[in-house]
Every structure is written in C-alpha cells, then in structure tokens.
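Thanks for taking a look at this one with me. Below are a few numbered points to read alongside the coordinates.

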Amino acid sequence: MKPGAFLENLFVRKIEFDIFPAENSDCDEFSRLHGERFYRRWGDGEFHSLMTQDTVFGFSARVTSGPSLGLGGFVLARAAAGEAEILTIAVSDKFGRQGLGWRLMLAAMRETRARGGETIFLEVDEGNVSALGLYRKLGFRQVAERKGYYADGDGGRSTALVMRLDLR
Ligand SMILES: CC(C)(COP(=O)(O)OP(=O)(O)OC[C@H]1O[C@@H](n2cnc3c(N)ncnc32)[C@H](O)[C@@H]1OP(=O)(O)O)[C@@H](O)C(=O)NCCC(=O)NCCS
C-alpha cells in the first residue's frame, strides 16, 4: 500500500459503480434523473413503453460500494436492421466526469454489436459541450445538422447535430 493510502481510504471513501442491464423496475428512477438533466422530462410511462419494445435496451450505472444500489446514470438505445440509435443518456450531476457516461456508452456499443448492429446514430444539441466531448472521444463524427430542432425553456431554439459511429 502506498504511504498515506490507508488514511486516504479511511477518510475519502471512493464511490464505486457497476453497469447493469436496464429493467422495467428502473423506469421511475430513470424518469426522475431524466427530469434533473433535461428540460423536458420523460415520464415513467414513456420509459415503460420504450422498455417493453424488443428493439430497445439500456443500462444503468449503480453505486456498488454502499448499502443501496443508488442510480448514477443510465442509457437507452434502440437497435434494428443493423443500426442503433442512442435514445437518451444521463448521468447524475453528483457523479459527473467520473467516467460513467463513457462506461454506459461502451455497454450500449457492445450490446449493439451483439444484436448485429454495425452503426450507431445519435442527436445532440450543438451547445452541449459535455455530451459532444464524450461522443467525439468515442469516435462519433457529425453527419448532418437539424437547425432549430430543440426548444429551450426560454422560447429559443437550437441546432441538433446528427452523429454517427461505425462499429466495424
Ligand atoms: C453528457 C454526460 C452523459 C457525460 O457523462 P459523464 O459521466 O460526466 O462523462 P464521462 O465522465 O464519462 O466523460 C467522458 C469524456 O467525455 C468528455 N466530457 C465529459 N464532460 C465534459 C465536459 N464538461 N466538458 C468537456 N468534455 C467533457 C471528456 O472527453 C471525458 O473524458 P475525460 O474526463 O477523460 O476528459 C453528462 O454530462 C450528462 O448526463 N449530461 C446531461 C444530459 C445530456 O446532455 N445527455 C446527452 C444528450 S445528447
């Protein structure tokens, strides 16, 4: 053990996470976190109706270093006919920039491959610096843009970038 590591472990308890396949029982928590991270919250009914579709899959990132499996983030995607689409991804503000978005996206990419998908698409607001950073680091490249696609809370509209990643 490095000098000082004992004290560090004692006082700064590192939070650990694991990635789990999304389940129907997650919908309520997904909806709550979605509402914290997006202007228009998807209700748990919307999550339920997505989760009952065979083509839709997802993953949650949960705390595994404590007594309860608290939600740190989740991703939902849809795969059909060799292509997948990231439907939504959100990481709790409390656990931002700790690699959860990265791990969730890798899980979605692996599952896409397992389902025979070769390409993943997603849409992202051109001003969403953190999401763009994550997607570019994963190798996604812009292939189109949709002007005025997103509404913000103040009556304004912003451009969506369509991004693509080839998995082969
Ligand atoms: C986008 C989001 C999922 C990223 O999750 P995260 O767990 O914080 O991201 P990670 O820690 O896995 O970051 C992975 C990489 O993404 C990039 N990144 C993440 N946050 C960033 C930021 N604020 N600024 C610039 N790059 C950033 C970096 O390249 C980072 O790698 P690094 O930390 O080694 O530099 C999270 O910020 C979020 O939930 N945002 C609100 C919801 C949202 O916008 N979803 C996407 C809609 S398209």
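1. A definition before anything else: buried means under 20% relative accessible area, exposed over 50%, and partly exposed in between, with a 1.4 Å probe and protein chains only. By that scale Ala 81 is exposed, with a relative accessible area of 85%. Ala 81 has a positive phi of about 50° although it is not a glycine, and it is found in the loop between S3 and S4. Helices (H or I, at least four residues) and strands (E, at least two) are DSSP runs, numbered from the N terminus.

2. A word on provenance. This is a predicted model, in which local features need pLDDT of at least 70, side-chain atom pairs count only at pLDDT 80 or more, and totals for chains, interfaces and linings use all residues. Residues are numbered from 1 along each chain as its sequence is written, and side-chain values use heavy atoms, with hydrogens and water left out.

3. Now the sheet. Seven strands form an open sheet with mixed pairing, in the order S1-S2-S3-S4-S5-S7-S6; two strands pair if DSSP finds at least two bridges between them. At the edges are S1 (17-21) and S6 (141-151), each of which pairs on one side only. Neighbouring strands are turned by 25° against each other on average, direction ignored. Here axes are lines fitted to C-alpha atoms, for helices over the stretch in contact, and angles run from 0 to 180 degrees between N-to-C directions.

4. Two antiparallel pairs are worth a look. S2 and S3 pair in this sense over seven bridges, and Leu 71 in S3 is the bridge partner of Arg 62. S6 and S7 (residues 157-166) are also antiparallel, over seven bridges, with Arg 164 in S7 as the bridge partner of Arg 141. The hairpin of S6 and S7 has five residues between the strands, and Gly 155 there takes a positive phi near 85°.

5. What does helix H2 bury, and against what does it pack? In H2 (residues 27-37), the buried residues are Cys 27, Phe 30, Ser 31, Leu 33 and His 34. They pack against helix H3 (44-51) and strands S2 (56-63), S3 (71-80) and S4 (83-91), where contact means heavy atoms within 4.5 Å. H3 itself lies across S2, S3 and S4, running at about 45° to S3.

6. On to the ligand. Of the 22 residues around it, Val 91, Arg 97, Gly 99, Asn 128 and Lys 137 come nearest; a residue is near if one of its heavy atoms lies within 4 Å. Ligand oxygen atoms lie 2.7 Å from a polar backbone atom of Val 91, 2.8 Å from one of Gly 99 and 2.8 Å from one of Trp 102. Taken alone the ligand exposes 930 Å², and the protein buries 77% of that, by the Shrake-Rupley method with a 1.4 Å probe.

7. Arg 97 sits in the loop between S4 and helix H4 (100-114) and counts as exposed at 89% relative accessibility.

8. Finally, Asp 125 in strand S5 (residues 119-125). At 23% relative accessibility, Asp 125 counts as partly exposed. Not counting residues up to four places away in sequence, Asp 125 touches Leu 132, Tyr 150, Ser 158 and Thr 159. The C-alpha atoms of Asp 125 and Tyr 150 are separated by 7.2 Å, with the two residues 25 apart along the chain.

Definitions and conventions
A polar contact is a pair of N or O atoms within 3.5 Å; within protein, one must be able to donate a hydrogen and the other to accept it, and residues adjacent in sequence count only if both atoms are side-chain atoms.
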